[in-house]
Amino acid sequence: MDITINLTDGVPIYRQIINQVKYLVASGLLQPGEELPPIRTLALQLKVTPNTIVKAYGDLENAGVVHKRRGSGTFVSEERPQLAIRERRRVIGQRIDALLAEAHQLSFDADDILRMVRERQAAMGEATAEPTRKEKK
Amino acid sequence: MVETVVDVHDLSRSFGGKTALDGVSFRATAGHVHGLMGANGAGKTTLLKHLLGLLRATTGSVRVFGVDPVRDPVGVLARTGYLSEERELPEWMSVDELMRYSQAFHPGWDASYARELLDTFALDPAKKIKELSKGMRAQAGLIAAVAHRPELLILDEPSSGLDAVVRRDILDAIVRTVADDGRTVIFSSHLLDEVERMSDHVTLIHQGRVALSGVLDDVRGAYRRSRLRFLDPFDRPPVIDTALAIEGSGRSWSVIHSGSLDQFRHSVSARGGEIVETRDATLEEIFLARAGRSRSQMEAA
Amino acid sequence: MKMRSPTVAVLWEVWRVTRVEAARKLALGTVAAMVVLALSSSAREIIKDSTAAIALVLIVIPHFAGWLSTAKLNSGRPGFPLFLHYTRPVRTTVIVGLPMACLTALSVVIYLLSALLLRLTSAYAFPLLPVAAWVAAFTMIVLAALWSTRNWIISLVVMMFAAAQILGMAMRRLTAVELPDNYDWPPRLWPTLFDFPSTDYAVIALIGIASFGVAIAGVRRQRHGDGWVEAPSAQRGGLWAWLVNLFRIPCPTSSATRAQLWFDLKSNGLPLLTIGVALAIVILLLSAVANPIDITFADEIRAHLSCTIDDCFYARAFPVLITPLSLLVVLFLGGNAFGIRRKQGRTYVSAFEATQAYGAARLTLLKLLVKSACLLAAIGAIAVSVWISLPLLGDAVFVQMWNVPLNSQVSPIKSAIAAFEGYELLALAVVVIIGVVVWVAAFAVLGALWTRWSRRANVAVSSLLLFGLALAFLAVAEHNGIMSPFVIDAILATARWAAAAAIIGATAYLYRSCLAEHTLTARYALGALLVSMAFVAAWVTLLRAVGVQFAGVSWTSVGSMLLWSVFLPLFASVLAPWSYSRIRHL
């Protein structure tokens, strides 16, 4: 499992793991039913204390992203996780707050931001559409 | 029920007039990694030496596994593994003799684990300790300390003076010790990224006193770092409530603060500034704020 | 303080490093000599002369030990101790020549001061310049040998050779004039005996120049990375480390006690034993070849030395000189049973040893027993070697040197011991064994107490020295009739009783405190008591066997002797674990 830990931007390690696992699940790099590395192995790989991994896996289980099977390990949940609406809004809301603050510093207003979001979404849409077009052929 | 492995209560110690520890209280619970941070000479080694009975507690009490390590050295030391800061090992022994000698004192010695570690570190068993480099000595001492699967592993500055490869080996050993049920690790380090990665609980010792202590995430959550921008430039650092350390110049300042967020925001806007960005402080920033020199500037405030 | 040039800086450094040792050398030698002289001031002429000779030896001996404070900078290994200067902008000549000159000058000044003091306080003409010149020569040779090379073998050989040469030359000069009924160099002959010819001074000057040259050349090579005859890296650490390396026995893993036994034997006991056995073999070999050498070169010897008796000897003197030296070396090495290390000025017990899961009392007992066993074996080896060599050497040597026909006395001693009963021999063995253990324990405890409370230990030793000095002066006063003899007797008696009470009280107190803090168990205390009882019984048996009568002796004397014999081992048995515990848990 490809996870990296960054110590400079102040995000707690367990939170970084949670975020990255969620991203891996959401982007399909971790398939439903796939097993996550055991706590000991991941701790050795990342050079962090196992209790951090325990905490991260515990939070992921509470959020429904993974589930623990007794004696077998931790597996990605079969259905797409139903993260609570509130939780999802909270995550995105944080990003938007940071974006708006940064924009204010750089003297953009909300309308400029909205326009740029639409532009970039269009560009990304074309890029993701290309490979699918190629696949269809 | 979480078991207390180490219980230090109100420990004080001076060496010839200079206070090394002043009323230090410290608890280590089983199954966790406890990191001790502090500047050089803050008192970390002194505290660890008390746990092993190398220093006798003159005031206050020290209990390891519920027992005083001076009163019952065999009971404590048989269940403890220790790697000292100076890596003191008998110079004349070879690595193999060191293993055999340590094995005789600990019935729980795992010979296959020791052999595996020797192979991983590529240590020549026939080499004498005095012929080993600093890193290899640390590795040899580490094997002697962990191969008997101690319930408590005490490491004093395990990474000092070592290259990245050996440091990884040491971190591995810590992880493995804790991952096996119920074992405890206490280590002191002035490398804060290590402490941040490896610790469940952190304690910061500053000038012989405990400056902060608690679960790492709680400690991290209590301190925030904010970037501020003021309308008018300041020549000297602006005084802000709940701020512990501040640096910057002119209109832009970066502050480490803990405590009430409202009070902080109020104070910032009262000085004519706004918070540009705020996030949890890293351990290094907390350390520098609590134990660094800029503290003296805030003391006056 | 501002140091204006490298010269001043180096001189200041040498002074700071050596000033304590210089003061100590001056004080110990002079005070010991003065005490000895004072104690004998009321005796007959002959005894006064002998004590004057002893005093002269006492003020010369400190200079044979060399300078320990500079050796400490290098942890006692050969090689230049002020190596931190290699990276400073000074020439090698300055950093070597200046300290060497300084240390030589210091030795000379110390000797001259002591000799002058003795001259003033006693009526004897202690030699000044001649002996000072030879002291200077010896110091220079030793410094050159130690500093110019890192190979301890070369240093050791050169130093032993120089010591043997100087000792031999001294013996020859001093015994040049034969006196029938006395030792050969009484004080009235000193002005003539110590009036060295000018060739001597020329030789000393040559020695000085040569030593300087060799030292500077050797250090220059060390400075630039290639020492002469570089010792292979495995031998870094000196003679002791090489000896530890000799015995390759695998460490037992079955029990902690056996592993600890292996540890103490390898690091502490076996090197001592090896040195003892090596010295014994040397003595034996020398004795075996001495006679043939003397016979072959009889004519040459007769030409160079003036022998007034028929049997001239040269080579036979060496084993006779080496034996007491060997015994001294072995006894000295029997110290530090606790393995206290010294590094960069700190003395400490290594954390590795202090954190082994083993109790203090058992650890102490094991270390002491191992060291005592090896010491006994070493002394035994030397004794056996002497026993075998005596017939080889013949009587003449001993008559000439010590006025005692040692060889002829061997058979009376043999028959006396053969006359011992079985239980008396057992008693002898018990006394010897326990005596050696107490001796080793005493040194170990002194080392431990010095490590822990060095300042208080210094104060205690200085007070004892002052007490001895005061006693000596009182003795002089008594001899000159100023004071009545009762004062000294009273003081000595009070001191004896005070010491006895102190030992009894200290033993009781220490046992109680050790039992309370679980350093010892009750079983250990009981065992110690039994051993003390055995010691008393053996001691009494031995005295009876030797023929000492108890019938006419007063009760107080018998009682005090019994008391001392019981409490000395008991005191040692509790002091050892207690002091070890103090340095294990600071």
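What percentage of the 301 residues in chain B is buried? Buried residues account for 49%, where buried means that 20 or more other C-beta atoms, placed from the backbone, lie within 10 Å of a residue's own.

This is a predicted model, in which local features need pLDDT of at least 70, side-chain atom pairs count only at pLDDT 80 or more, and totals for chains, interfaces and linings use all residues. Residues are numbered from 1 along each chain as its sequence is written, while chains are lettered from A and ligands numbered from 1 in the order in which they are written.

**View 1. Chain B as a whole.** Here you can pick out 11 helices and 12 strands; these are DSSP runs numbered from the N terminus, with helices being H or I of at least four residues and strands E of at least two. The C-alpha atoms of chain B fill a box of roughly 70 × 40 × 40 Å along the principal axes.

**View 2. Where chain A meets chain B.** The contact takes 18 residues from chain A and 23 from chain B (in contact: C-beta atoms, placed from the backbone, within 7 Å). On the chain A side, H2(A) gives the most, with three residues. That side divides into 10 nonpolar, five polar and three charged residues (nonpolar: Ala, Val, Leu, Ile, Met, Phe, Trp, Tyr, Cys and Pro; charged: Asp, Glu, Lys and Arg; polar: the others, Gly among them).

**View 3. Domains 2 and 3 of chain C.** Domain 2 of chain C (246-406) and domain 3 of chain C (468-584), with bounds from an automatic or database domain assignment, have C-alpha centres 29 Å apart. Their contact takes eight residues from domain 2 of chain C and nine from domain 3 of chain C. Helix H14 (residues 360-393) of chain C gives the most to the domain 2 side, with five residues.

Note on methods
Two residues are in contact if their C-beta atoms, placed from the backbone, lie within 7 Å. A residue is buried if 20 or more other C-beta atoms lie within 10 Å of its own, exposed if 12 or fewer, and partly exposed in between; C-beta atoms are placed from the backbone.
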